[in-house]
Amino acid sequence: MRHILSVLVDNKPGVLSRVTGLISRRGFNIESLSVGPTEDVTLSHLTAVVNADDVAYEQITKQLHKLISVYKITDLTDVDAIERELVLYKVNAVPERRNEIIEIANIFRAKIVDVGRTSLTIEATGDESKLKGLEDLFRAYGIKEIVRTGKIALSRNSKD
Amino acid sequence: MGLFFFMDVSGQLARDFLWPECMGLKSRGEKSLITMNENAPSGSANRGQRTAAQVGAPQGLGSHSPKQGEIMTGAQAVIASLEAEGVDYVFGYPGGQALKIYDALYDSKQITHILARHEQGAVHEADGYARATGRPGVVIVTSGPGATNTVTGIATAYMDSVPLIVVTGQVPRAVIGTDSFQESDIVGITMPVVKHSYLLQSVDELTTVFREAFHIATTGRPGPVLIDIPSDLASEKLVFDYPDEVSLPSYKPTYKGNMKQIRQAVARIEEAHQPVLYVGGGIIISDATDELTALAELMEIPVVTTLMGKGAFPASHPLNLGPVGMHGSKYANLAMTESDLIIACGARFSDRVTGKLSQFAPHADVIHIDIDPAEIGKIREAQIPIVGDLKGVLAGIVSALVKRNSQPNDAPWIERVNVWRKRYPFYHSDIKEKPDEIVPELVLETLSDKLDPQKSIVVTEVGQHQMWATQFIERERPRSFLSSGGLGTMGFGFPAAIGAAIGRPDCTVVCIAGDGSFQMNTQEMATAAINGVPVKVLIMDNRCLDMVHQWQKLFYKGRYSETLLDPIPDFVKLTAAYDWEGERIENPADLDAALDRMLNSDVPYLLDVAISRDQNVYPMVAPGSGLNEVMGAIDVAVGAVRTDMPDSFAASPAPSPCAQIDAQFGGRWESDPFDTGARIGQRNADGSLVTDEEGVLKKQAHRSKQTAQPDSESKEGGRS
Ligand SMILES: Cc1ncc(C[n+]2csc(CCOP(=O)(O)OP(=O)(O)O)c2C)c(N)n1
Ligand SMILES: [Mg+2]
């Protein structure tokens with residue numbers, strides 16, 4: 001089962017490798033990962049998506065808790081959370097088909113960020129299903145390249 | 001107050017129950033209740049409570065250090081920090097990037113530095129010191145190779161939850177990351193095997209880092225902490241300001257057990273008919289022997305111990321069933337298997353204990369008490385999980401049981417366990433099979449009898465000798481049996497024994513070594529000699545990596561790939577080279593006096609005891625088998641023979657050469673438990689010599705391309 005882990009860690013060198021090293025050492029593949037500083041500059045927020053059954057997932061979180069650099073772990077899998085990811089698609093676009101692609105992008109509220117002679121680069125933000133939908137549509141034209149930021153997430157029902 | 005009440009009644013906790021005397025048998029509980037009462041809880045002042053040092057405060061003067069406020073260099077501050085933490089011994093090895101630290105050490109009056117002869121030795125020495133004393137072990141080494149040489153030692157300590165502070169010199173900050181001379185990313189290399197680590201970034205954080213490191217290493221579940229110090233920081237100036245407190249919001253171990261879960265545990269214990277206390281190293285770390293003993297006695301619960309838990313509960317106590325698991329006794333393993341309640345105390349259900357998980361204790365509920373929440377439910381689901389410090393949790397359970405006037409209701413269980421204990425001893429004098437050979441089990445039993453359990457520490461290397469030591473050396477107190485449990489590090493025992501002897505000069509320290517393991521850190525003989533550490537090394541010399549050899553015999557059809565060590569160095573000559581004393585014995589008749597000479601010597605001493613390489617450690621639960629599938633246990637009910645020997649001996653299509661040979665030598669150990677006849681080369685009752693009529697030895701010699709040597713040959717080939 002897929003789990004979205006939201007981890008608050010020390011914003012110090014080496015902390016990322018402590019966290020990711022621990023997860024991979026215990027035999028799990030990290031499907032997606034994003035890290036960045038938080039409102040408190042001494043802390044970073046790390047969002048990781050891992051595939052693990054419930055027992056294994058419990059073990060990962062318990063082990064992560066033991067790291068001195070880890071402050072807080074939230075499992076955003078089952079809670080009501082806002083998930084976002086930013087994706088850049090470079091799509092094959094001969095001049096006569098450009099408009100079709102731009103139209104698709106508009107429907108999905110994606111932005112055209114670069115226009116080449118035979119390609120268009122589109123920036124899209126959203127949750128997994130939206131981005132998957134876009135990707136499927138672009139495939140029909142041929143996708144040259146995709147880069148993604150990795151998922152970030154926040155729980156909705158925050159107390160403040 | 002509950003605790004007081006409990007203390008008042010503790011005197012009568014040793015309820016009268018008749019423990020069968022096991023005449024002529026080697027088994028736990030042979031001794032009377034007299035020793036037990038000595039060890040029974042006596043109102044020690046801090047029952048269930050911990051001292052300030054135990055919860056991580058400096059064990060030295062801390063901020064009251066006379067150096068507080070002085071202006072000094074980073075290197076001097078390193079030494080001053082160690083002094084503020086109350087460090088008396090440091091184990092290490094200097095080099096370029098540690099030079100400034102060593103220079104500062106030169107002025108320390110408080111700290112004695114023990115110069116190891118290899119950094120791995122230094123770490124194991126610090127580890128042995130820590131295990132023997134309960135205080136953190138401290139190591140200083142240089143960068144690059146000095147640092148990488150510490151890795152095995154750190155991993156060993158990590159697996160066994162030993163508090164260590166490892167200070168490594170590092171190249172100056174300006175050249176980090178440039179592959180400069182003797183640069184290694186030791187923080188990165190050791191990340192999976194440390195509790196925490198620091199790469200010092202500025203001298204401003206130096207004292208905080210040291211305080212935190214000591215706090216983290218010694219509290220919660222202890223472990224090694226590494227501090228990497230770039231050498232440019234060692235010469236920067238700072239005002240020495242040592243803190244007493246730490247501020248680690250992300251690190252708050254749970255000491256106090258949850259009351260609701262403790263109440264559940266109490267209710268479950270009251271209901272149990274076949275309970276077992278499964279005890280690991282956590283009891284020793286938590287200093288909870290008194291509380292454990294009180295619980296065991298109050299509810300009459302048999303205790304089994306892991307390798308790390310040996311000494312946590314007195315061997316002489318009638319409720320102690322001793323070692324459990326792969327080479328544990330059949331009775332301890334049966335008790336685990338049949339139990340309806342396992343109270344796991346600071347133990348982690350290691351595969352060496354559980355065997356095949358699906359067959360492990362199938363009827364038992366589990367109460368799992370551990371300070372590390374990640375251990376609970378990791379391997380075996382716990383019906384009642386309790387995260388907390390064992391000392392307090394067990395005291396809480398006991399006082400609740402006393403308050404409720406709970407009574408044990410497991411008399412039939414105790415009776416059954418005792419029948420097993422009588423029936424399946426570790427050793428029986430009838431099993432002695434070669435009168436002219438030294439029997440390893442008897443060596444260790446004899447040694448055990450000669451040691452004062454209060455004034456001795458036994459340290460082991462890794463292999464068969466380690467398992468025999470676990471089975472036969474009786475330990476009455478915590479921190480008196482040290483062994484590499486989790487990592488199983490050959491080469492650990494000897495340096496650890498040196499460290500233990502330095503930490504506990506009041507104790508006789510004996511290292512039980514294998515000829516293989518001892519050769520992994522032999523160079524430390526110099527460390528012992530030069531520092532006048534009167535450590536004793538008893539080598540169980542089978543000229544063989546016999547634990548691996550045994551597995552090859554049992555599971556690889558006797559294909560003895562690379563496990564013979566012949567020719568072995570002359571260890572006695574080695575003692576002369578290092579200015580030790582020592583001798584070798586080959587005759588059983590010499591054993592007793594030789595052990596006396598070793599124990600009475602006040603210099604480093606090596607006793608090389610020749611044993612056969614064809615010995616196996618039994619009982620054994622084969623890897624992948626269940627704890628109920630014990631092979632090779634002695635069964636006195638069928639005439640003190642080993643039973644349930646592995647099938648491979650009796651009926652494998654291509655029997656291992658060794659199996660055939662063993663069968664020839666009487667067959668009692670290997671294939672035919674009822675054959676008690678003499679062996680080839682021995683005399684029959686009428687004085688005639690038993691010969692190899694079927695030519696099995698010859699046939700086997702043809703078949704085996706390898707050097708697999710039968711016992712009879714290795715006897716002559718021992719020392720040339
Ligand atoms: C550093 C290390 N290398 C290899 C092993 C694997 N191993 C486990 S026991 C053993 C044999 C030990 O031989 P020895 O010290 O002579 O003890 P014996 O079994 O003969 O009593 C080996 C090679 C180990 N545990 N540690
Ligand atoms: Mg050996």
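Me: Is Phe555(B) buried, partly exposed or exposed?
Reply: This is a predicted model, where local features need pLDDT of at least 70 and side-chain atom pairs pLDDT 80 or more, while totals for chains, interfaces and linings use all residues. Residues are numbered from 1 along each chain as its sequence is written, chains are lettered from A and ligands numbered from 1 in the order written, and side-chain values use heavy atoms, without hydrogens or water. Buried means under 20% relative accessible area and exposed over 50%, with partly exposed in between (1.4 Å probe, protein chains only). Phe555(B) has 31% relative accessibility, so it counts as partly exposed.

Me: How are the rings of Trp551(B) and Phe555(B) arranged?
Reply: Both residues lie in helix α23 of chain B, 4 residues apart, about one turn of the helix (helices are DSSP runs of H or I, at least four residues, and strands runs of E, at least two, numbered from the N terminus). Rings of Phe, Tyr and Trp (its six-membered ring) pair if their centres lie within 6.5 Å, with planes under 30 degrees apart stacked, over 60 edge-to-face and the rest tilted. Here the centres are 5.5 Å apart and the planes at 80 degrees, so the pair is edge-to-face.

Me: How many residues apart are Tyr427(B) and Phe472(B)?
Reply: Their ring centres are 6.4 Å apart with planes at 75 degrees, so this pair is edge-to-face. Tyr427(B) sits in strand β16 of chain B and Phe472(B) in helix α19 of chain B, so to speak distant parts of the chain, 45 residues apart.

Me: Which residues form one aromatic cluster with Tyr427(B) and Phe472(B)?
Reply: Tyr427(B) and Phe472(B) are both buried. The cluster that holds them also contains Tyr331(B) and Phe426(B).

Me: Which residues coordinate the magnesium ion (ligand 2)?
Reply: Donors are N, O and S atoms within 2.8 Å of the metal (3.2 Å for Na, K and Ca), and sites may look incomplete because water is not among the atoms. The donors here follow the spacing D-x26-N-x1-C along the chain. At 2.0 to 2.2 Å, the ion is coordinated by Asp515(B) (OD), Asn542(B) (OD1) and Cys544(B) (O).

Me: What is the relative accessible area of Asn542(B)?
Reply: An N or O atom in the Asn542(B) side chain is 3.0 Å from an oxygen atom of ligand 1. Asn542(B) is buried, with a relative accessible area of 5%.

Conventions
Polar contact = N/O pair within 3.5 Å; in protein donor to acceptor, adjacent residues only side chain to side chain.
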